[in-house]
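Trainee: I have some labels I would like to question. Can we go through them together?
Mentor: Gladly. Ask what each label rests on.

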Amino acid sequence: MSIKAEYIWTDGTQPTAKLRSKTKILPDGADTAALPEWGFDGSSTNQADGHASDLVLRPVFTCPDPIRGGAHLLVLCEVDHVDGTPHPSNTRAALRAVAEEHADQEALFGIEQEYTFFEGARPLGFPEGGFPAPQGGYYCGVGADEVFGREIVEKHLDHCLAAGLGVSGINAEVMPGQWEFQIGPLSPLEVSDHMWVARWLLFRTAEEFGVSATLDPKPAKGDWNGAGAHTNFSTRAMREGYDAIITACDALGAEGKPLEHVRAYGAGVQERLTGAHETAPWDEYTYGVSHRGASVRIPWQVERDKKGYIEDRRPNANVDPYVVTRLMVDTCCTALAK
Ligand code: ADP
Ligand code: MN
Ligand code: MN
Ligand code: MN
Ligand code: MN
């Protein structure tokens, strides 16, 4: 039987890349361990001009397609120019180099992806022409008055598990229609590849319910939490001792680093990091134990056990995981190597 391979890539839309995908029918008996490169029209994805529009899809991560089932596949790709060099939108290529450079430190990441369902112009659960009861009861809530979209969330979780992605949990968030899933702990490339495929599965699953999911960092104006992508990070040394935890926290606060990081943590990050709604102001770097108003939190068990991981709370929901993991490995592992 022919195999349908869904080739998935990130495009050149600014300031936030969008996911794109198209289907390739593999001939009978095709070697699915060595999938062919493919091409696409970069002039339709903000990745090229019309006069030189051909770009290359190079498969880098493959998993079962839980939506089509059977032997069908999801195929995440890097985008290259026809001469084989990475396209500027290919942020994975830069992470590959940095991850390789510091591979000996065995970095692990767990990323908490917050997102919001929309039905038409309104977050799912927002009444027509008005607002729901204020924040308070929705986070990890239960019951039809507090929880909106659970059937989509459960289906998405099942799809992620069937695809073999490293999903580690889900929860309802502080605003109606807002949810979170976590990927990890995994290596920098794995957590990022799994995150992009999990995002694709989220949009694809919600599509079947006539609902859209958005990674918009401020999906509702007013007194509602934004949507982030808290990025939990450790190296082997951090998993073994507290000095390395403090070294990593200090490295993220070194001269020039807070701004370099925040600038790359997703479009609109300054609007989300206001200092209210469980955030630290974007222009003030702080870290602290159990502190949800700090830029970086050291979980309480980590202080108790004197080892573990740290949580960078600044990345927006719309952050590129290839970018946030590259910056954290570069900044923290360079300091830890000294
Ligand atoms: P919270 O909502 O309390 O901030 P979550 O439970 O949503 O925390 O997410 C914690 C994340 O930390 C999970 O994704 C998990 O995979 C990740 N994590 C746990 N241990 C480590 C570790 N040693 N290194 C990196 N990430 C870790
Ligand atoms: Mn065509
Ligand atoms: Mn969480
Ligand atoms: Mn959360
Ligand atoms: Mn968190």
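Trainee: Let us start with Ser290. Why is Ser290 called exposed?
Mentor: This is a predicted model, so the label comes from computed positions. Ser290 has 12 other C-beta atoms within 10 Å. The cut-off for exposed is 12 or fewer. Ser290 therefore counts as exposed.

Trainee: Where is Ser290 found?
Mentor: Ser290 is in the loop between strand 12 (287-289) and strand 13 (296-298).

Trainee: What makes the phi of Ser290 worth a remark?
Mentor: Most residues other than glycine have a negative phi. Ser290 is not a glycine, yet its phi is positive, about 60°.

Trainee: What is the phi of Cys140?
Mentor: Phi of Cys140 is near 55°. That is a positive value in a residue other than glycine. Cys140 sits in the loop between strand 7 and helix 2 (150-163).

Trainee: Is Cys140 buried or exposed?
Mentor: Count again. Cys140 has 12 other C-beta atoms within 10 Å. Exposed means 12 or fewer, so Cys140 is exposed.

Trainee: Now peptide bonds. Which bond joins Gln14 and Pro15?
Mentor: A cis peptide bond, with omega about 0°. Pro15 lies in the loop between strand 1 (3-10) and strand 2. Another cis bond joins Gly184 and Pro185, with omega about -5°. Pro185 is in strand 9. Most peptide bonds are trans.

Trainee: Next, the sheet ordered 2-1-5-4-3. Why do strand 2 and strand 3 stand at the edges?
Mentor: Five strands form this open sheet, and the pairing is mixed. Strand 2 (19-26) and strand 3 (38-41) each have a single partner strand, so one side of each is left without a neighbour in the sheet. The twist averages 40° from one strand to the next.

Trainee: How do you know that strand 3 and strand 4 pair?
Mentor: Pairing needs at least two bridges. Four bridges join strand 3 to strand 4 (residues 54-64), and the two run antiparallel. In one of them, Gly39 has Val56 as its bridge partner.

Trainee: Which strands pair with strand 6, for example?
Mentor: Strand 9 is one of them, antiparallel over seven bridges. Ile111 stands opposite Ile183 there. Four bridges join strand 6 to strand 11, also antiparallel. In that pair, Phe109 has Phe233 as its partner. Strand 7 (residues 122-123) pairs with strand 6 over two bridges. Two bridges meet the cut-off of at least two, so this counts as a pair.

Trainee: What does strand 6 give to the shell around ligand 1?
Mentor: Strand 6 gives the most, with four residues. Strand 8 (167-172), strand 9 (178-186) and strand 11 (231-234) each supply at least two.

Trainee: Which residues come nearest to ligand 1?
Mentor: Of the 17 around it, Gly110, Gln182, Asn232, Ser234 and Tyr309 do. By class, the shell has five nonpolar, nine polar and three charged residues.

Trainee: Last one. How does the reach of helix 9 compare with the expected span?
Mentor: Helix 9 (residues 321-336) has 16 residues and reaches 22 Å from its first C-alpha to its last. The expected span at 1.5 Å a residue is 22 Å, so the two values are close. Among the buried residues of helix 9 are Leu327, Met328 and Val329.

Definitions and conventions. Residues numbered from 1 in each chain as written. Chains lettered and ligands numbered in written order. Predicted model: local features only at pLDDT ≥ 70, side-chain atom pairs only at ≥ 80, totals over all residues. Near = placed C-beta within 6 Å. Nonpolar A, V, L, I, M, F, W, Y, C, P; charged D, E, K, R; others polar. Buried ≥ 20, exposed ≤ 12 C-beta atoms within 10 Å, placed from the backbone. Axes fitted to C-alpha atoms, helices over the stretch in contact; angles between N-to-C directions.
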